[in-house]
Amino acid sequence: MRATWACRPYTVRMTSPATISSELSALLAAVTVAGRPVAILVWAGVAAVALAIAVPSFRGWVRLASAVLLGALALGEAVLIWFHIRLGQVCLSVDPQTGRAAGAFAVPLWIESEKLYALALLLATVAVAARRHGEELRPLLAGGAALLAGAALAVGRPFSAPLPDFLAQYRGYLAAWASGDAAAAAQAFAGIEGSRRFFYNAWYMWVHPPLLFVSYVAFAASFAATVLMLVRKRSSYEQTAYRCARLGYLPLTAGMIIGMPWAIVAWRGEAWWWSGKVNMSLMMWALYTAYLHGRLYLRRPGMWRVAAALSVLAFAALVLTYLTTYLVPGVHSVA
Amino acid sequence: MERRRTAWDFALMMATVALLVALGAQSLLGTLYAWWAYRNEPGWEATGYPAFVTVMNAIAAPLAVALVVVMGLCVPKRLFSRRALVAVSAVLVGVGVSVAAVEDSVQAGLTAYLALAALLQCAVVVLTLADAGGLAYMAEGRAAKVGSGLLHLGFVVFALTVVALQSSSAMLPAFVASALLLAGGSALSFYSRGSSSERSGTST
């Protein structure tokens, strides 16, 4: 069961399930080793942010602590980018029957164990860069980023247990390929090739999630400003909340619409229409649309309350949309 | 006269908000039910899911139609006086209902209605680009007005794609076109105005 892989012109090599498996194990060991000091740095950043927020005399250091967290997260992201590039070189999809290589994997940097990490990185960036009402918003944004970073390391474990679903499927395919059972190997190849073409390497996966993540972070900033407005009763926060929401609405709308034609093609015959994730995404979009529409008449008596309520409801819908992936089963979920 | 127009616009806006919130509530309840069904009815995806989709579609349809009608009122309001607007809207709905009756298909009626609404909105965008007089916008500035027009056109094209083009080869280009219209319209509508006008809200 040997195959010649000539997808990249600069490297032609003999490959087999055993050599791929061996290279993959070495790569996973390397990313675990490289990730260990990075994880310590990220935890240090989390602790710095927590201290700066919790201890009143350290409040002036929130931006610096956020920058430390951002730097550590960026370093970790560099490790993950290297890991994904190597993963693309190591993991091949080879037809066991013909020995022909179908292609390599371009696994996106924002799935599975890396989703929370990517969100933490984006939110930490906003926490450092925030200008308008930056001093007031920063503790909330940095606190959110620290929370996400901690959850990314504790739950997602992108360095110590990376991409569990992808690796489980890929190792299953390698095992089937090595077993000599032609039928099992063909079935495993059909599965991994379908995942490669319609999920990991799909253009949609490189566009749809990042657009939504950018919108989520903008909406988080909008929510923080709304909370400040409700607590401090100052209308200028409302303008900041609106600015952030309109920043998020554009990628949210584009991201959702881009996802739909892909779903129609890739999930043909599957139960995706009105599935939990689709439902909640629709709810979030409807509420943000309602918020931006309701804000038209902000100067009308009482309308600021309606706008604020819609803003809070819409953000609650965002959190529920994210959690739905893990709580409600379906084709769009991992529950 | 101006006051009546503002009250009319406000009513349309509140109707839009109410319909969107209702659609959001339906989505939440649908998700909760699906969550419950997955936990309590083994094999629900194979046995109960088709019926669930039918019920959800049946609940969403009147909301979606009402949203389209409100949008249908919102689109030509830029071109016509209030009296003419009601007449034009009635004609649009009448054409949709007639097509639905003749073809014996709600989908065909909605398609006809949305196609007419899209044509009207195209005319609005062209007239706005040409800086023609007589168009009623809340937004100030030509770019914001064009953005508003494109945004509404994007919504109508999106609805038309969902209703009529899902199985067509034109599906992907139509989705991309609606995404571009919505994104471009949002960008122009949200970012072309100065901070002073932000205090009164978005432009539509």
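**Close-up 1. H7(A) passes H10(A) in a left-handed crossing.** Left-handed here says that the near helix is turned anticlockwise from the far one by less than a right angle, while clockwise would be right-handed. This is a predicted model, where local features need pLDDT of at least 70 and side-chain atom pairs count only at pLDDT 80 or more, while totals for chains, interfaces and linings use all residues. Residues are numbered from 1 along each chain as its sequence is written, and chains are lettered from A and ligands numbered from 1 in the order in which they are written. Helix H7 covers residues 203–232 of chain A, and its axis and that of H10(A) are 10 Å apart, packed at an angle of about 140°. That angle makes H7(A) oblique to H10(A). (Axes are lines fitted to C-alpha atoms, for helices over the stretch in contact, and angles run from 0 to 180 degrees between N-to-C directions; under 35 degrees counts as roughly parallel, over 145 as roughly antiparallel, 65 to 115 as roughly perpendicular and the rest as oblique.) On the H7(A) side, look for Tyr216(A), Phe219(A), Ser222(A), Phe223(A), Thr226(A), Met229(A) and Leu230(A); they meet Ala308(A), Ser311(A), Val312(A), Phe315(A) and Leu318(A) of H10(A). Contact asks for C-beta atoms, placed from the backbone, within 7 Å. (Ala, Val, Leu, Ile, Met, Phe, Trp, Tyr, Cys and Pro count as nonpolar, Asp, Glu, Lys and Arg as charged, and the others, Gly among them, as polar.)

**Close-up 2. H9 and H10 of chain A cross at roughly 160°.** Here helix H9 (residues 276–294) meets helix H10 (residues 303–327), and their axes come within 8 Å. The two helices are therefore roughly antiparallel to each other, and their crossing is left-handed. The contact of H9(A) with H10(A) splits into 16 nonpolar, 7 polar and 1 charged residues.

**Close-up 3. H8 and H9 of chain A cross at roughly 140°.** Their axes come within 11 Å, and the angle makes H8(A) oblique to H9(A). This crossing is left-handed too. From H8(A) come Ala245(A), Arg246(A), Tyr249(A), Leu252(A), Thr253(A) and Met256(A), facing Ser281(A), Trp285(A), Tyr288(A), Tyr291(A) and Leu292(A) in H9(A). Count the classes and you get 8 nonpolar, 2 polar and 1 charged.

**Close-up 4. Strands S3 and S4 of chain A make a hairpin.** Strand S3 (residues 92–94) and strand S4 (residues 101–104) run antiparallel, joined by 3 bridges. (Helices, H or I, of at least four residues and strands, E, of at least two are DSSP runs, numbered from the N terminus; two strands pair if DSSP finds at least two bridges between them.) Leu92(A) sits opposite Ala104(A) in S4(A). Between the strands lie 6 residues, and Gly99(A) in the turn has a positive phi of about 75°.

**Close-up 5. Chain A touches chain B.** In this view, 37 residues of chain A are in contact with 39 residues of chain B. Helix H8 (235–266), H9 and H10 of chain A each give at least two residues to the chain A side. That side has 26 nonpolar, 8 polar and 3 charged residues.

Technical notes:
Two residues are in contact if their C-beta atoms, placed from the backbone, lie within 7 Å.
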